[in-house]
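Trainee: I want to learn how to read aromatic contacts in a model. Where do we start?

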Amino acid sequence: MKAFGKFLLTLVLLPASLLLQGQTFTSRDSLRGVYRHYDFSLEGPETPAPKGYKPFYISHYGRHGSRYPVDRDYLWNIVRTLQPVADAGLLSELGLGILDDCHRLDSICRAGVYGDLSERGALEHRTIARNMARRWKPVFSRGGRVDVLCSYVPRCIHSMENFTSALSEECPRLRYSIDSSEACYAYLVNNHSVKKAPAAARLEVEAAWDDEFWQPFYRRLFTDPEKALKLIRSRYLLCEFIYTNGSMVPLYAPDSGIDLMSVFTDEEFRTIYEAYNDKTWGGHCNSVANGDWRIHRMDSLLVSYVAEADAAIAAYRAAPGCGSPARRMKEDAPVATLRFGHDTSLMPLLSLMGAEGFHRQLPTVGASAVFNSSIHMTMGANLIMVFYSNRSGDVLVKFVHSGRETSIPALSPYEGPYYRWDDVRSWFLGRVQ
């Protein structure tokens with residue numbers, strides 16, 4: 001392989017904090033990239049807060065949970081690519097089996113569920129909400145207002161509904177203010193013109209494509225590879241379409257018996273994973289080619305994080321008995337801000353914040369040496385900022401990424417994973433353009 005680093009290198013260079021509970025991330029199930037299910041076994045322990053500090057506010061962004069293919073075209077990318085080859089009589093039995101599997105998957109999804117949340121995705125969000133309520137119980141136990149901001153895309157709305165329903169079961173005294181308007185979407189997601197970034201990243205990955213490495217795969221897929229490949233627009237996209245659609249099958253059709261991934265050898269699978277993972281970084285994170293403008297699509301969202309946190313802190317400090325366990329928040333006092341959106345917003349947001357794993361600017365090709373979307377950006381991935389105060393009203397904040405405490409490497413912590421909010425606030429506002 002010329003273009004993409006050996007998988008062993010990926011494992012060696014991953015932050016040690018991500019290699020948890022005996023996970024080695026060598027199985028196919030753990031290399032599904034952004035299409036991997038949420039893995040609760042990776043959630044980490046809770047570091048006790050500094051003495052005298054209690055949690056009082058949570059600021060959250062969650063990706064929607066596991067879903068069906070976003071639309072029929074996404075699944076049909078495989079069919080459009082291979083059908084002309086089949087019509088020319090150049091598709092092997094293996095290739096014909098892929099076409100048949102696509103038709104079977106289409107029959108599963110045609111009942112109006114393309115793009116929607118799957119049962120697994122609903123359970124993910126209910127469980128994440130319960131874990132949050134129990135892990136930081138003092139935030140919710142005295143009631144208060146939860147501000148909910150949600151993308152109007154149905155899978156996000158259904159994720160939010162499951163999350164808030166489970167949170168209400170744990171904390172029945174909460175009140176909710178919900179916004180899923182177009183205006184909310186505009187700054188929560190802000191995907192205007194962002195398609196050019198993944199398109200540019202794809203060209204970088206394609207330019208590094210080692211076609212010689214893939215010759216055995218072509219020979220298994222086609223009866224005459226030389227003739228068949230003349231009918232294929234992009235050899236990289238052929239492999240990507242099979243990989244991405246195959247990665248999603250366990251999310252919505254786990255009992256179907258369909259395994260598109262079986263067409264790849266282990267080495268081929270690792271190679272296409274790394275290629276798509278590199279493309280993910282190049283299109284949505286702090287890449288050398290696109291990061292300088294891509295991450296700043298989230299500027300207005302990050303500014304709103306600061307404003308909403310400032311309002312919550314002011315309300316907390318104004319309540320009688322600041323820092324006292326007996327404090328009773330007013331009904332309209334904000335205790336949490338919950339946001340529900342997409343991976344294509346959460347990745348640049350984490351990059352803009354400078355969170356661990358997203359803080360360095362990296363080239364697209366080879367980013368898999370330090371970035372693993374199978375850990376960093378699964379279905380249901382989330383960032384939770386937990387705010388703590390003492391009796392004097394001093395405020396600390398901790399960052400928890402998909403259940404694991406994480407860091408802002410550019411900042412010095414107050415203690416352990418806890419940072420002074422004033423330091424974080426200044427850092428955030430200094431990051432926006």
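Mentor: Start with charge over ring. A charge counts as sitting over a ring if NZ of Lys or CZ of Arg is within 6 Å of the ring centre and within 35 degrees of the ring normal. Keep in mind that this is a predicted model.

Trainee: Which residue lies over the face of Tyr305?

Mentor: Arg339 does, at 3.6 Å from the ring centre. Another case is Arg72: its charged end sits over the ring of Trp76, 4.0 Å from the centre.

Trainee: Now ring against ring. How many aromatic pairs are there?

Mentor: Rings pair if their centres lie within 6.5 Å, and planes over 60 degrees apart count as edge-to-face. The count here is 25 aromatic pairs. Take Phe399 and Phe428: the centres are 6.3 Å apart and the planes stand at 70°, so this pair is edge-to-face.

Trainee: What does the pair of Phe399 and Phe428 tie together?

Mentor: Phe399 belongs to strand S6 (residues 395-401) and Phe428 to helix H17 (residues 421-431), so the pair ties together parts 29 residues apart in sequence.

Trainee: Are Phe399 and Phe428 buried or exposed?

Mentor: Both are buried. Across the protein, buried residues make up 59% of the 433 residues.

Trainee: Which residues do ring pairs link into a cluster?

Mentor: Trp209, Phe213, Trp214, Phe217, Tyr218, Tyr236 and Phe264.

Trainee: And the overall fold?

Mentor: The protein has 17 helices and 8 strands. Its radius of gyration is 23 Å; a compact globule with 433 residues would have one near 22 Å, so the two agree. The C-alpha trace spans about 80 × 40 × 40 Å along its principal axes.

Notes:
Residues numbered from 1 in each chain as written. Predicted model: local features only at pLDDT ≥ 70, side-chain atom pairs only at ≥ 80, totals over all residues. Heavy atoms only, no water. Phe/Tyr/Trp six-rings, centres within 6.5 Å; stacked < 30°, edge-to-face > 60°. Helix = DSSP H or I, 4+ residues; strand = E, 2+ residues; numbered from the N terminus. Buried < 20%, exposed > 50% of the residue type's maximum accessible area, 1.4 Å probe, protein only. Rg over C-alpha atoms; globule rule 2.2 N^0.38 Å.
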